[in-house]
Amino acid sequence: MSEKSRFLNACKGVPADCTPVWFMRQAGRYLEEYRKLREKYSMLEMVRDPELAAEVTLQPLRRFDLDAAIIFADILLPLPVIGIDFSFIEGTGPRIHKPLMDPRHFDQLREGDPEQELSFVAEALSLVRERLDENRALIGFAGAPFTLASYIIEGGHSRNYLATKSFMYSYPEKWEVLMETLTRTTIRYLQMQIEAGAQAVQLFDSWVGALAPEDYLKYAEPYTSRIFKAVSGSSVPSIHFGTGTSGFLKEMRSAGGDVQSVDWRIPLGRAWEIIGTDSPIQGNLDPLAMMAPADILKKKVEAVLEEAGNRKGHIFNLGHGFLPQTPVRNVEMVVNMVHELTS
């Protein structure tokens, strides 16, 4: 039985009237209405206030004919649940207050209650679901254990993940403790989101592309696969997201996820050859292409759709999230193009 939502149909590999489209970071700094709210509230104030989070989630859907909303939150929100405090530094990004670079610091780890400590996310999901058109789907999300661990150990963003990999290789038993804790917390967090009304969930393994394939299989895949297995019992489809992962797409597909999200570093046709044409794919426009002149951007969008070849199970998206400089007019143009060219 097909859904009214073309996005959910694509997640299930069911033909839709046209290719669905949504964007990562579609609620954010490129929108004037979001920037006005940010003048009054910090990022964490907004995500922890269900009404504000719901408002920001819905802002882009009032402007554009998007097929899905993604709840306004951050992948780091579960960290305080396990005893890791963080903050956002304006112009810099997230900062972990006490990075776990030394195994002696593991005494700060705990296993809290995500259902209670992150209940504001569930409340925001419920509010959005009440206000969302039935033909538009609501996506919940979480960070994958490796990506969360890299933040916890590095203390923030990293270029080479030196501290993370050094820790992973040098202290495998402590690495396992950290990954197990993150895995259990993430499972409960995603299950809470599904119960609150999320119609799909995406697991962001944004930095796993820093690993070699054999290290992915040893240090990351076992935990990711457990998360997908835990949510697979629901009727809610799951999306497996990573960047820089062209070298182990097959392994990521085996780890789980109903939909595989691929970045711009590999053509969609080649990605389908690797993971199998039975798997829906999300992607894969380069986020920087959104800054191109209209004629160039149009050609880039057409190239993605040509690679997709009208296959069922294609969800148009970027290979990663919007940048704050993304022109609003280009967003509108791309959404309309995708729908018109595939209808």
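**Before starting**

This is a predicted model, in which local features need pLDDT of at least 70 and side-chain atom pairs count only at pLDDT 80 or more, while totals for chains, interfaces and linings use all residues. Residues are numbered from 1 along each chain as its sequence is written, and side-chain values use heavy atoms, with hydrogens and water left out.

**The whole protein**

Display the protein as a cartoon. It has 14 helices and nine strands; helices (H or I, at least four residues) and strands (E, at least two) are DSSP runs, numbered from the N terminus. The radius of gyration is 19 Å, close to the 20 Å that the globule rule gives for 343 residues, so the protein is as compact as a globular protein of that length. This radius is taken over C-alpha atoms, and the rule is 2.2 Å times the number of residues to the power 0.38. Along the principal axes, the C-alpha atoms fill a box of roughly 55 × 45 × 40 Å.

**The open sheet**

Select the seven strands that form an open sheet, in the order E1-E4-E5-E6-E7-E8-E9, with parallel pairing. Its edge strands, each pairing on one side only, are E1 (68-70) and E9 (314-318). Two strands pair if DSSP finds at least two bridges between them. Neighbouring strands of this sheet are turned by 25 degrees against each other on average, direction ignored; the axes are lines fitted to C-alpha atoms, for helices over the stretch in contact, and angles run from 0 to 180 degrees between N-to-C directions.

Next, select residues 281-285, which are strand E8; five bridges join E8 to E9, and the two run parallel. Asn284 has Asn317 as its bridge partner in E9. The peptide bond from Gly283 to Asn284 is cis, with omega near -5 degrees. Most residues other than glycine have a negative phi, and most peptide bonds are trans.

**Helix H9**

Select residues 172-196. Helix H9 has 25 residues, which at 1.5 Å a residue should span 36 Å, and its end C-alpha atoms are 36 Å apart, which agrees. The expected span is 1.5 Å times one less than the number of residues. Just after H9, Gly197 takes a positive phi of about 125 degrees.

Move to strands E2 and E3, which pair in the antiparallel sense over four bridges. Ser87 has Arg95 as its bridge partner in E3. The hairpin has three residues between the strands, and Gly91 takes a positive phi near 80 degrees in it.

Now show the largest pocket, which has a volume of about 1,300 Å³. Of its 38 lining residues, those nearest its centre are Arg25, Arg29, Met43, Asp74 and Phe88. Helix H2 (32-38), strand E2 (86-89) and strand E3 (93-96) are the elements that give two or more residues to this lining. On a 1 Å grid over the protein atoms alone, a pocket is an open set of points where a 1.4 Å probe fits, with protein on both sides within 12 Å along at least five of seven lines; lining residues have an atom within 4 Å of a point. Grid points are joined across faces, edges and corners, and a volume is the space filled by probe spheres set on the points.

Zoom in on Arg25, found in the loop between helix H1 (6-11) and H2. Its phi is near 60 degrees, a positive value in a residue other than glycine.

**The second largest pocket**

Finally, show the second largest pocket, which holds about 230 Å³ of space. Among its 18 lining residues, Cys18, Thr19, Asn310, Arg311 and Thr342 are the closest to its centre.
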